[in-house]
Amino acid sequence: MKTINIAGHQETIIERGDYPKEKLQKILKNEVIAILGYGPQGRGQSLNLRDQGFNVIVGLRKGSSWDKAQKEGWVEGKNLFEMEEAAKKGTLIQFLLSDAGQIAFWPKLKECLNEGDCLYFSHGFGIVFSNDTKIIPPKNVDVVLCAPKGSGLTVRTHFLDGRGINASYAVYQDATGRACERVQAVGIAIGSGHLFETTFQKEVHSDLTGERCILMGLIQGAIKAQYEVLRAHGHSPSEAYNESIEEAFQSLYPLIGEKGMDWMYANCSTTAQRGALDWAPRFEKAIKPVIEECYKSVQTGNEARITIEANSKSDYRPKLEKELETMANQEMWQAGKILREFRPERLKPLK
Ligand SMILES: NC(=O)c1ccc[n+]([C@@H]2O[C@H](COP(=O)([O-])OP(=O)(O)OC[C@H]3O[C@@H](n4cnc5c(N)ncnc54)[C@H](OP(=O)(O)O)[C@@H]3O)[C@@H](O)[C@H]2O)c1
């Protein structure tokens, strides 16, 4: 446990060393961890817990997740159950269905909760936007959150590589007096690198903003804009692709992650440094109002309503697939598909 101070803001970071295996086993020894859902998070978190010998069961409806779980060693009647049965057996219930799935299953889950159970989320969505989701837990259970700051796929692959994805944690309701200990312990047990504290509201506001902006929305928009400008000025697809995508993700961005932006700048040419230092504030000025607008849309619940409405339509999946197909067919991603084949070393297959 380390206290850090950044710009006068004090925070406590929980590290793996704070919860060695024996301590985790002691805290979690009477828990039946029931994981509902086998999407990226349910899969990653459940497999990481199972590999370390914790008492974990999975609750699913019959269908694609069920089949996948069976293929990965979960056995019906032993550690794989229908959702309500798993929820009843669990004392620490990890509610990891899709956010729309959580809304649909909540009326049933609510009936399965026992006094003193711990209801665990990996997103603040259901609780914070309860006006829309109707997810209002009973007062006699702990309600906690542990949100890995990365895809569920990397929760698993980093764990297998001996690394860890950082996660935020929060306590919304402490009925047993043990909510904090429970969420910190399970947060480390799912394989997190370190934990930092948040609230359900702060988590959902930052997460929805992040994925709409830097992590996904903004990055797609910015890459497309640059690629199209280069192509419109007569640059070849290879040149536009390498300058907008390949160089970013294969060379420069990993350096930022490793040592920071200043270090990446310091290791580029003086020409690149001068230009980037001059243009960065112009982009900041242009983009900040859009991020601010996005944050407000998240804060007012507008983004949640849009998401719930879209995801609850019966044609949601085919519509989404069509949108993703349109993206895949954009020239830059078609170029990527062809040009990635020329990488000298093929990437290791994702586990
Ligand atoms: N994806 C991430 O990287 C990430 C990162 C941090 C936090 N989170 C949070 O973690 C939670 C889980 O997200 P996820 O991405 O792992 O899962 P997801 O892909 O959003 O959801 C998939 C799971 O939900 C089940 N499901 C959906 N609707 C259902 C319904 N009506 N009834 C029963 N099951 C239903 C699916 O089962 P079927 O196969 O049977 O349809 C599948 O097992 C969410 O709260 C999410 O916001 C996700």
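Ala7 lies in the loop between strand 1 (2–6) and strand 2 (9–15), and its phi is near 50 degrees, a positive value in a residue other than glycine. The model is a predicted one, in which local features need pLDDT of at least 70 and side-chain atom pairs count only at pLDDT 80 or more, while totals for chains, interfaces and linings use all residues. Residues are numbered from 1 along each chain as its sequence is written.

A positive phi, near 65 degrees, is also found at Lys134, again a residue other than glycine. Lys134 sits in the loop between helix 7 (130–133) and strand 8, and with 12 C-beta neighbours inside 10 Å it counts as exposed.

As a whole, the protein comes to 17 helices and 10 strands, helices being DSSP runs of H or I of at least four residues and strands runs of E of at least two, numbered from the N terminus. The radius of gyration is 22 Å, close to the 20 Å that the globule rule gives for 351 residues, so the protein is as compact as a globular protein of that length; the radius is taken over C-alpha atoms, and the rule is 2.2 Å times the number of residues to the power 0.38. Along its principal axes the C-alpha trace spans about 65 × 50 × 45 Å, and 31% of the 351 residues count as buried. Among the contacts with a separation of 6 or more, 69% are made by residues 24 or more positions apart, a contact being a pair of residues whose C-beta atoms, placed from the backbone, lie within 7 Å.

The ligand is surrounded by 23 residues, of which Gly39, Gln41, Ser65, Ser98 and Gly101 are the closest; a residue is near a molecule if its C-beta atom, placed from the backbone, lies within 6 Å of it. Two or more residues of this shell come from each of helix 2 (40–51), helix 3 (64–71), helix 5 (99–112) and strand 8 (142–148), and helix 5 gives the most, with 4 residues. By class, the shell divides into 8 nonpolar, 13 polar and 2 charged residues, where Ala, Val, Leu, Ile, Met, Phe, Trp, Tyr, Cys and Pro count as nonpolar, Asp, Glu, Lys and Arg as charged, and the others, Gly among them, as polar.

Helix 5 also holds Lys108, which is exposed, with 11 other C-beta atoms within 10 Å. Lys108 and Glu84 are 24 residues apart in sequence, and their C-alpha atoms are 7.2 Å apart in space.

Helix 12 contributes Pro237, Ser238, Tyr241, Ser244, Ile245 and Glu246 to the contact, and helix 17 contributes Glu331, Met332, Ala335, Gly336 and Leu339. These residues divide into 6 nonpolar, 3 polar and 2 charged.

Note on methods
Contact = placed C-beta atoms within 7 Å. Buried ≥ 20, exposed ≤ 12 C-beta atoms within 10 Å, placed from the backbone.
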